[in-house]
Amino acid sequence: MSTSAQAMSISRRKFHAIALSSFTFLVASTLLLSHSKFSRGIDELAVLFPGNEVAEVEVRNKFSWNAVEPSETLEWHRCYMKFQCARLVVPLNYSDPSGEKAAIALTRLPSSSPPGSTEYRGPILLNPGGPGGSGVSMVLRTAELISAVLGPQFDILGFDPRGIGHSTPQVSFFETALERQLWGSSQGSPGVVNASTDGLARAWAQSIINGQLAWERQPDVLGHINTDQTVRDMLSIVKAHGRDKLLYWGFSYGSVLGTTFASMFPNNIERLIIDGVADVENYYQTLWSTNLIDTSKTMDYFFTSCHAAGPDICPFYAPTPHLIKANLTALYASVKARPVPVRTATSYGLVDYSHLRRTIFTALYKPWAAYPVLAHALAALSQGDGAPLFAMNDPPKFQCDCAPDSEETEFGGDASTTILCNDGDDISGSFEDLEEYFEDVMRKSDWAEIWAGIRTSCVGWPHKPKTRFRGPFEANTSFPLLVIGNTADPVTPLWAAKKTAKGFPSSVVLTQDSPGHCSLSAPSVCTQTYIRDYFVNGTLPPPGTICPVIGTPFTSLGSAPDSNDRQEVLSNTFSHRFSGDEQAIYDAARKLSLQYDIRPLH
């Protein structure tokens, strides 16, 4: 059997998004505020370009990845109107390159300059985070905006890492979407692991079952779903383009991928940006204990910016930031004592303590997109109306897609668990050890009642040999890294960016003075200009550079509901500050911050 046919025969598992544990519920809820499905409802022909030949693939209603035959060379199909898609055959296990195969799904927005021209600069590979984020989806949603920042001379290229999305084999702990739904529904999804007296114990028990199911269902696949193998896929993608060196921009968990790539293949870097940088050693130790260093700063920014905006713009306003915080504390106590029932035209549920905490934690990732909405929802909740708050975190209702050609790939929770548990050190399965860990991280941050679900998801993971690359995370790279961190990032503190940069001589840390997760969470012409200059010219910002952002979540253009007149005034105010190029960068950066498409580190 040919390698392409072998990869084509890989089973596609179909599954629907459903929260499996406190960890996976957090992942699902964090995606809801800005999630669109560009793969739906597109009626087009996808065109394949192998050399000078053109072949057409019929597509009914939407682009079908099943129609794209995997190949050891990049054979691009026209897809999703403006984009091109391919499936690249790679070894499932790079230690056995002639063995079983995987197929990596790629989507690109092509450069306006054809390859081979003097203007063409190559493909910039993106990773939106996770683990479990879909690079294909990120490109479909943001590539045109990113191209507006970086310039048309680059392909903007995304890939679904192995086990995820449209790449095959997909990871699934369950035989059917219905099985996953029933298991999740029967066990509940606490989100906040201590929201009930038995919450931590139930999360522990459920993780034990999930680990057993995972290795029963896919024993020959799961061992090869990890960061080491994905990094090797990235190098395979580079070489399939006829190049030797990587152009890369990785966010959140994408910083783990980028740091690992730089450590494994230091001579294969043309440009490499890690943005929203995780403590990579802590990640590989399965500790997850240094992420919340700056979370309280992000929350405090909500209080101070709401107060500064005033009652006309921030509905949750109080005379001092301290009083705004006190009012939120009172809401926590209120919904814990008496959850608020919600029935809308399309949905229903409860706003309880867990729901409120999850929703607020989600908002911390993307203040420009979420803080104005959150302020409105909290004000309504304080008056007994839970509908706006509920709508911020209302997962789509389960629908069983039984079509024979279904390509349900919306959620990578199983793959996320697989990657982070395979990557990390084995941890004890003892409930008593989990209790001790939980008490320790709660002493550091009360947001650990959500964050601890990540490590909890690995307590039932079988202890397998850890033969893949696990450091050291340092190298003399062929080109210096650009390392970016925000001053108030809720889950990847600036401290971690500075720590990581020390392992790579000549790398530079660029600080963005803003709350939120990764640089795209707030509009900064300064940051995005340095990023463009790095990719285009290879220039780095001076060490110690701190970039400001434009406005606040409550004064940034387009952020507040029902404020068209004010937005027009602000637009005129901001415009005169910029040159033509700067205005274009600002416009793109603002839109990126408002639609925010980074998969949370989890």
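# Disulfides, helix packing and burial

The link between C306 and C314 is left-handed, with -90° about the S-S bond. The model is a predicted one, in which local features need pLDDT of at least 70 and side-chain atom pairs count only at pLDDT 80 or more, while totals for chains, interfaces and linings use all residues. Residues are numbered from 1 along each chain as its sequence is written, and side-chain values use heavy atoms, with hydrogens and water left out.

## Overall makeup

The protein has 20 helices and 14 strands. Of the 602 residues, 60% are buried. Buried means under 20% relative accessible area and exposed means over 50%, with partly exposed in between (1.4 Å probe, protein chains only). Contact is taken as heavy atoms within 4.5 Å. Among contacts between residues at least 6 apart in sequence, 76% join residues at least 24 apart.

## Disulfides

A disulfide is a covalent bond between the sulfur atoms of two cysteines. Here a pair is called a disulfide when the sulfur atoms lie within 2.5 Å, and the count by this rule is four. With the bonded cysteines numbered in sequence order, the pairing reads 1-2, 3-4, 5-6, 7-8.

In the C306 and C314 disulfide the sulfur atoms are 1.9 Å apart, and both cysteines are buried. C79 and C85 are also joined, with 2.1 Å between their sulfur atoms. Their link is right-handed, at 80° about the S-S bond, and each of these two cysteines is buried.

The disulfide of C421 and C458 has a sulfur separation of 2.0 Å and is left-handed, with -95° about the S-S bond. C421 sits in helix α14 (residues 413-423) and C458 in the loop between α16 (448-456) and β12 (482-488), so this bond ties together parts that are 37 residues apart in sequence.

## Single residues

| Residue | Class | Relative accessible area |
|---|---|---|
| C421 | buried | 3% |
| C458 | buried | 5% |
| C518 | buried | 1% |
| H355 | buried | 4% |
| D433 | partly exposed | 36% |
| P465 | exposed | 62% |

P465 belongs to the loop between α16 and β12. Its C-alpha atom is 9.3 Å from that of N422, a residue 43 positions away along the chain. D433 is part of helix α15 (residues 431-444). The C-alpha atoms of D433 and V459 are 9.7 Å apart, and the two residues are separated by 26 residues along the chain.

## Helices α9 and α11

Two packed helices are described by the angle between their axes and the distance between the axes. An axis here is a line fitted to C-alpha atoms, for helices over the stretch in contact, and angles between N-to-C directions run from 0 to 180 degrees. Helix α9 (residues 295-309) packs against helix α11 (residues 353-365) at about 95°, with 10 Å between the axes. The two helices are therefore roughly perpendicular; that class covers 65 to 115 degrees, while under 35 is roughly parallel, over 145 roughly antiparallel and the rest oblique.

On the α9 side, T295, T298 and M299 take part in the contact, and they meet I360, F361 and L364 of α11. These contact residues comprise four nonpolar, two polar and no charged. In this grouping Ala, Val, Leu, Ile, Met, Phe, Trp, Tyr, Cys and Pro are nonpolar, Asp, Glu, Lys and Arg are charged, and the others, Gly among them, are polar.

Helix α11 also holds H355. Apart from neighbours within four places in sequence, H355 is in contact with L350, L389, F390 and N393.

## Helix α20

Helix α20 (residues 580-595) has 16 residues and spans 23 Å from its first C-alpha to its last, close to the 22 Å expected at 1.5 Å a residue. The expected span is 1.5 Å times one less than the number of residues. Which residues in α20 are buried? They are Q583, I585, Y586, A588, A589, R590, L592 and S593.

Technical notes. Helices (H or I, at least four residues) and strands (E, at least two) are DSSP runs, numbered from the N terminus.
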